[in-house]
Amino acid sequence: MNTEARSPAFNYQFNENDQEFSLFGSFRPQKIDELADCINSLEASISNVTGNFYLNVKRLVRMNNVAFHAIAKRIVKTSGDRPDLKIHVTTSSVLGWSTRKFSTLAKIAPNITINEYDNEFYPGQSFLEDGGFIPILRTQTKLTWRHEKSILPRHGLKPGMHVADICCGIGDFAVLMQKEFQPGRLIALDHSKSSLNYARKVAEDFGVRGIEYVYGDASEMLLEDNQFDFVTCRHSLQVFDRPDLILKELYRICKPGGRVYITNEKNSHCLGEPRSETIQRTYNEVARLWDHFNMDIELGPKSRRYLLEAGFSDISIESFMVTNLDGNPQDFADIIQSWEDVYAGQMAVERGDSVEDIRILKQGFQDHIFAALHPKGYAGWPIWAASGQKPQ
Ligand SMILES: C[S@@+](CC[C@H](N)C(=O)[O-])C[C@H]1O[C@@H](n2cnc3c(N)ncnc32)[C@H](O)[C@@H]1O
């Protein structure tokens, strides 16, 4: 984990319903006596459960050896005394040490298992990371920025604010915000190490300083509550099967009175002239394809509902259309080509589409490119920008 993510104070709790004992924050006692309450609570929790017991350390930012040995001793003793009890320890890849440390317990006792919960937790990750999609995010941001630059102040972004860009991808948006709005603090968080490496390099190449890059899981962030005036999360709720979990976290890290800003698409509203019909057919199919992988590329207009259900008030929502006339039409065409490569490539193949289905899917992308590059053509990609205020 990046040390710039501030570590919250230590805490623990037992959830009887899930038979789960969770540790949070920074756990660094000097003497074992300091842990007496926690250990008593752990023992009481274990004595209350049968079948399965869950020890959740995925939000434990730090742990010294005194603490680890105290917890490990109780867990290993329990596994010996109660061989019928299955003990599951939940760690996170964000805290690489937690998986390494707790895995030693699984070697000692057969009824202890370690589960790194965020190993494969989001369905679209492989498409984004393996699909050569990363460079295209650059072109997407280049085309959306000319709109968002003027949209963001309408949603409350001002210079000097403390800002977090969650699911920052390759970090272009953070760099652009840093240059245009000079935030007082700017963190950019993502769960892709390759994207973050790319982001750090982009900032370095452009001589942009002051952005804190954090490897983290947006649905279980190690950032403290009520930290940021403005929290952005772009094109990312639509790639989660549980966008409500991310919104809950965005809400938590936002200051009361601050705002959370999200952008999402509705791909079935992509359009083009000429050849509108085949274009429409393909994007309707894209929506079904994403749905097959539990992702909602139609989320844009649902943003208002999601923000209200997450507890936000004073919702602002607007849509804008990225078109072939926003700069060089070839940039627009490049985006569509990259969609074709990923959607009609790895995704359609994994869904089991026939050769003929894939041919039809590809045709609509090629027709969208044709419309974008046609001297009298028009091609569009609609995006919804929405924000809500965390009540004071
Ligand atoms: C479609 S990309 C959008 C990236 C960027 N916001 C943009 O607009 O270009 C989605 C991003 O979410 C990241 N992501 C997915 N699941 C995540 C999680 N649980 N925690 C943090 N980032 C995650 C992916 O690594 C990817 O960079």
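Predicted model: local features only at pLDDT ≥ 70, side-chain atom pairs only at ≥ 80, totals over all residues.
User: What makes the pair Arg59 and Glu220 a salt bridge?

Analyst: The side chains of Arg59 and Glu220 meet with 3.2 Å from N to O. The rule asks for a side-chain nitrogen of Lys or Arg within 4 Å of a carboxyl oxygen of Asp or Glu, so the pair qualifies.

User: How many salt bridges and polar contacts cross the interface of domain 1 and domain 2?

Analyst: Three salt bridges are found across that interface. The polar contacts there amount to four residue pairs, with both residues at pLDDT 80 or more. On the side of domain 1 that touches domain 2, the residues comprise three nonpolar, one polar and two charged.

User: How is the protein chain divided into domains, and what separates their centres?

Analyst: Domain 1 covers 11-116 and domain 2 covers 125-389. Their centres, taken over C-alpha atoms, are 38 Å apart. Six residues from domain 1 and nine residues from domain 2 make the contact.

User: Why is an area quoted for the interface of domain 1 and domain 2?

Analyst: The size of an interface is often given as the accessible area lost when the parts come together. For domain 1 and domain 2 the buried area is about 660 Å², with 57% of it on carbon and sulfur atoms.

User: What makes the approach of Arg82 to Ile46 a polar contact?

Analyst: A polar atom of the Arg82 side chain lies 3.1 Å from the backbone oxygen of Ile46. The cut-off is 3.5 Å between N or O atoms, one able to donate a hydrogen and the other to accept it, so the pair is counted.

User: Where is Arg82, and which residues does it touch?

Analyst: Arg82 sits in the loop between helix H2 (65-81) and strand S4 (86-91). Leaving aside residues up to four places away in sequence, Arg82 touches Ile46, Ser47, Val49, Thr50 and Asn111. Its C-alpha atom is separated by 39 Å from that of Ser192, 110 residues apart along the chain.

User: How do you know that the peptide bond joining Glu273 and Pro274 is described by its omega, and where is Pro274?

Analyst: The bond is cis, with omega about 0 degrees. Pro274 lies in the loop between strand S11 (271-273) and helix H9 (276-292).

User: What is stated about the phi of Gln182, and where is this residue?

Analyst: Gln182 is not a glycine, yet its phi is positive, at about 40 degrees. The loop between helix H6 (172-181) and strand S7 (185-190) holds Gln182.

Key:
Residues numbered from 1 in each chain as written. Heavy atoms only, no water. Domains from an automatic or database assignment. Contact = heavy atoms within 4.5 Å. Buried area = accessible area lost by both parts, 1.4 Å probe. Nonpolar A, V, L, I, M, F, W, Y, C, P; charged D, E, K, R; others polar. Helix = DSSP H or I, 4+ residues; strand = E, 2+ residues; numbered from the N terminus.
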